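Have a look at it first, and then we'll go through it piece by piece.

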Amino acid sequence: GDPVLEVRDLVKHFPVTQGALVRRQVGAIRAVDGVSFDLRRGETLGIVGESGCGKSTLARLLMALERPTSGSVRVGGREITRAKGAELKQVRRNIQMVMQDPYTSLNPRMTVGDIVGEPYEIHQDVLPRGRRRRRVQELLEIVGLDPDHADRYPHQFSGGQRQRIGIARGLALRPEIMVCDEPVSALDVSIQAQVVNLLGRLQREFGLSYIFIAHDLSVVRHISDRVGVMYLGKMVELGRDADIYSRPEHPYTRALLSAVPVPDPDGRERRERIILQGDPPSPADPPSGCRFRTRCWKARDVCAQQEPPLQVRPGASHESACHFPELYPVPRPY
Ligand code: SF4
Ligand code: MG
């Protein structure tokens, strides 16, 4: 499909300052450092990486909650990075967010009906006041909650139900894009599948496009059409879900994937476990060349000298950013 979201060379550096009287900039945290991708209509793009890789900053940039240092974000062909006033409001209508923690993201003093209907207060032109209550009840029904519970408070609901409330609120303005920032990480495993299934149903029903952020590959596995892997502010691998899982090229992706149990037909685990040494380096002082080199078992001299570009190698199925990618036989045509 056509792209609903186009991200090009997106950079966000946060200045690091020092000094009590005169603050001067001594460096920068390079949270997002040259990220490009498209999101197509009706697709789910999973974005995966350890905490500190820049995925939450990326989400805030896409939501126009943060202005990038440079680069471009276009929604439906319109540049949003410099949008102000009415234009910015319009952008925010079109991209909604599902938060990570349903226990802290809902205002405990507001009724569920007021929480779900709050977007109509902020965007008063969308729906006349008299129709709001009925619409809020519809939204609760859509996400599988009892519409008669609109007068209850968040503490009267379970974690999974609270996440449904957050999703209903996100749907209120009929957005095209939803940014789901680890929407099930805080939930019991038994509840996670229900919320994931709900998101899948809503996607089909409303033609939504999702950015689905997670810290490991197992969560995004069944819901993503494509997956992007981030490391220290960079996208290091990007491709169709099936290709990322069966033909991972970048050593970091292979390490992340090795933590995901994959039973083979005999019920044994197929992959050898790759344990990464150490923590990711500070995004304020990333390694030269390839940022993964301090933890990479394949690193050679060139890795310190040259940054590997994100590109599709001849014969490869998808993009990766490594001087020595894992090679796979090209599948033979019939
Ligand atoms: Fe490892 Fe070098 Fe590839 Fe970076 S470029 S992932 S250091 S082999
Ligand atoms: Mg995060």
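First, some housekeeping. This is a predicted model, in which local features need pLDDT of at least 70 and side-chain atom pairs count only at pLDDT 80 or more, while totals for chains, interfaces and linings use all residues. Residues are numbered from 1 along each chain as its sequence is written, and chains are lettered from A and ligands numbered from 1 in the order in which they are written.

Let's begin with the open sheet, where 4 strands line up in the order E2-E1-E4-E5 with antiparallel pairing. At its edges sit strand E2 (24-40) and strand E5 (78-79), each pairing on one side only. Helices (H or I, at least four residues) and strands (E, at least two) are DSSP runs, numbered from the N terminus, and two strands pair if DSSP finds at least two bridges between them. In general, strands of a sheet pair through backbone hydrogen bonds, either parallel or antiparallel.

| Strand pair | Sense | Bridges | One residue pair |
|---|---|---|---|
| E1 and E2 | antiparallel | 13 bridges | Leu5 and Leu39 |
| E1 and E4 | antiparallel | 5 bridges | Arg8 and Ser72 |
| E6 and E7 | parallel | 4 bridges | Ile95 and Ile177 |

The hairpin of E1 and E2 has 5 residues between the strands, and Gly19 there takes a positive phi near 105°.

Strand E6 (residues 95-98) is covered on both faces: Ile95 and Met97 are buried on one side, Gln96 and Val98 on the other. As for the terms, a residue is buried if 20 or more other C-beta atoms lie within 10 Å of its own, exposed if 12 or fewer, and partly exposed in between, with C-beta atoms placed from the backbone.

Which residues have the most contacts inside the largest nonpolar core? They are Val48, Val116, Val179, Cys180 and Ile211, in a core of 76 residues. Such a core is a set of buried Ala, Val, Leu, Ile, Met, Phe, Trp, Tyr and Cys residues joined through C-beta atoms within 7 Å. Leaving out neighbours within four places in sequence, Ile211 is in contact (C-beta atoms, placed from the backbone, within 7 Å) with residues including Leu39, Leu45, Val179 and Cys180.

Now for helix H9 (residues 251-258), where Pro251, Tyr252, Thr253, Leu256 and Leu257 are buried. Their cover includes strand E3 (44-48), helix H7 (217-220) and helix H8 (241-246), along with strands E9 (226-231) and E10 (234-240).

Two single residues come next. Ser105 sits in the loop between E6 and helix H3 (112-122), and it counts as partly exposed because it has 19 C-beta neighbours inside 10 Å. Not counting residues up to four places away in sequence, Ser105 touches Met99 and Gly166. Gln194 belongs to helix H6 (residues 189-206); with 16 C-beta neighbours inside 10 Å, Gln194 is partly exposed too.

Finally, the ligand. Around ligand 1 there are 13 residues, the closest being Cys290, Arg293, Cys296, Cys303 and Cys322; a residue is near a molecule if its C-beta atom, placed from the backbone, lies within 6 Å of it. This shell has 9 nonpolar, 2 polar and 2 charged residues. Here Ala, Val, Leu, Ile, Met, Phe, Trp, Tyr, Cys and Pro count as nonpolar, Asp, Glu, Lys and Arg as charged, and the others, Gly among them, as polar.

Conventions: Two residues are in contact if their C-beta atoms, placed from the backbone, lie within 7 Å.
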